[in-house]
Amino acid sequence: MASHANAVKLTEFRNEPYTDFSIPANRQLMEAALEKVRGLLGREYDLLIGGERIRSTEKLKSTNPARPEEVVGVLQKASPELAANAIESAHHHFAGWSRTPAIDRVNMLLKTADLIRQRKYEFNAWLTFEAGKTWPEAEAEVAEAIDFCEYYAREMLRFAGPQTVVQLPGEHDEMHYLPLGVGVVIPPWNFALAILCGMTCAALVAGNTVIIKPSSETPTIAAIFVETLLEAGFPASSFCFLTGSGGAIGDALVSHPKTRFISFAGSRDVGLH
């Protein structure tokens with residue numbers, strides 16, 4: 001696996017360039033994307049646990065902060081029981097996913113970057129509607145999400161093989177990195193795509209299974225991102241998608257004995273808790 005991964009050649013990492021909205025053609029593309037996404041507002045999105053799409057009786061409505069009467073997406077409110085099921089499912093599927101060749105995981109991540117790049121204006125539009133971002137702010141965040149995918153793909157190739165360590169006389173020593181297990185990803189509302197993408201992709205490409213628990217303020221963007229992961233080839237068993245109140249399911253996720261690590265960005269109080 002290591003030699004296969006190390007044989008892959010990628011260009012040197014470069015930051016994704018920003019779109020210049022002072023160019024009329026780019027403004028027209030952005031306006032078209034806003035119209036397209038406007039036609040998709042109000043749709044309902046499922047939970048994803050063990051590859052199964054689930055709907056709950058209680059719903060979470062995400063609204064446009066500039067127009068609170070405008071529903072961006074309708075999502076599910078997961079229960080503590082569903083949260084526990086998600087951890088158990090991710091733990092069950094960890095063994096298989098962790099043995100997936102690193103080069104396959106890298107290719108899935110590179111495909112994710114390509115898909116986000118192709119739909120950059122649409123992701124911009126979702127961030128505008130749900131997170132209240134201006135066009136340049138949304139553009140910078142989507143570019144950062146692409147950067148995370150491209151950077152972590154390259155880093156995984158570097159870490160996939162044996163690592164150099166100090167050689168003692170008469171010994172041949174190697175160090176190999178191993179995935180940990182189930183990780184819980186809890187991103188903030190204010191970087192609903194970039195931080196979500198970075199935390200999730202770093203864990204997945206390293207061979208961990210992931211529970212994605214987005215902010216209740218910006219869950220629709222996360223649902224769109226999840227569909228992108230699936231389209232890029234990540235198995236539905238490699239991650240779970242849980243929406244709902246952090247107060248209701250947060251403790252169930254982070255205190256479960258099979259949770260190996262937590263990736264969190266948010267308030268000091270919640271982080272300390």
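Colleague: At what angle do helix H5 (residues 120-131) and helix H6 (residues 135-160) pack?
Modeller: Bear in mind it's a predicted model, where local features need pLDDT of at least 70, side-chain atom pairs count only at pLDDT 80 or more, and totals for chains, interfaces and linings use all residues. Residues are numbered from 1 along each chain as its sequence is written, and side-chain values use heavy atoms, leaving out hydrogens and water. Helices (H or I, at least four residues) and strands (E, at least two) are DSSP runs numbered from the N terminus, and axes are lines fitted to C-alpha atoms, for helices over the stretch in contact, with angles from 0 to 180 degrees between N-to-C directions. The axes of H5 and H6 are 9 Å apart, and their angle is about 125 degrees.

Colleague: What does that make H5 and H6 to each other?
Modeller: Under 35 degrees counts as roughly parallel, over 145 as roughly antiparallel, 65 to 115 as roughly perpendicular, and the rest as oblique. H5 and H6 are therefore oblique.

Colleague: How many charged residues does the contact of H5 with H6 have?
Modeller: Contact here means heavy atoms within 4.5 Å, and the classes are nonpolar (Ala, Val, Leu, Ile, Met, Phe, Trp, Tyr, Cys and Pro), charged (Asp, Glu, Lys and Arg) and polar (the others, Gly among them). On the H5 side you'll find Lys120, Phe123, Asn124, Leu127 and Thr128, which meet residues of H6 including Trp135, Glu139 and Ile146. By class that contact has 7 nonpolar and 2 polar residues, and the charged ones number 3.

Colleague: Which residues does Thr128 touch, leaving aside neighbours within four places in sequence?
Modeller: Thr128 sits in helix H5. Ser98 is 30 residues away in sequence and 36 Å away in space, C-alpha to C-alpha. The contacts of Thr128 beyond those neighbours are Met30, Leu34, Lys133, Trp135 and Ala138.

Colleague: And how does helix H4 (residues 102-118) lie against H6?
Modeller: H4 and H6 pack at about 165 degrees with axes 9 Å apart. That makes the pair roughly antiparallel.

Colleague: Which classes of residue make up the contact of H3 with H9?
Modeller: Helix H3 (residues 80-98) and H9 pack at about 30 degrees, axes 8 Å apart, and are therefore roughly parallel. Pro80, Ala83 and Ile87 of H3 make the contact with Ala248, Ile249, Ala252 and Leu253 of H9. No polar and no charged residues take part, and the 7 in the contact are nonpolar.

Colleague: Which element gives the largest share of the lining of the largest pocket?
Modeller: On a 1 Å grid over the protein atoms alone, a pocket is an open set of points where a 1.4 Å probe fits, with protein on both sides within 12 Å along at least five of seven lines, and lining residues have an atom within 4 Å of a point. The largest one holds about 490 Å³, and of its 21 lining residues, Ile186, Gly246, Gly250, Phe264 and Val270 are closest to the centre. Helix H9 (246-254), strand S9 (259-264) and helix H10 (268-272) each give two or more residues. The largest share, 5 residues, comes from H9.

Conventions
Grid points are joined across faces, edges and corners, and a volume is the space filled by probe spheres set on the points.
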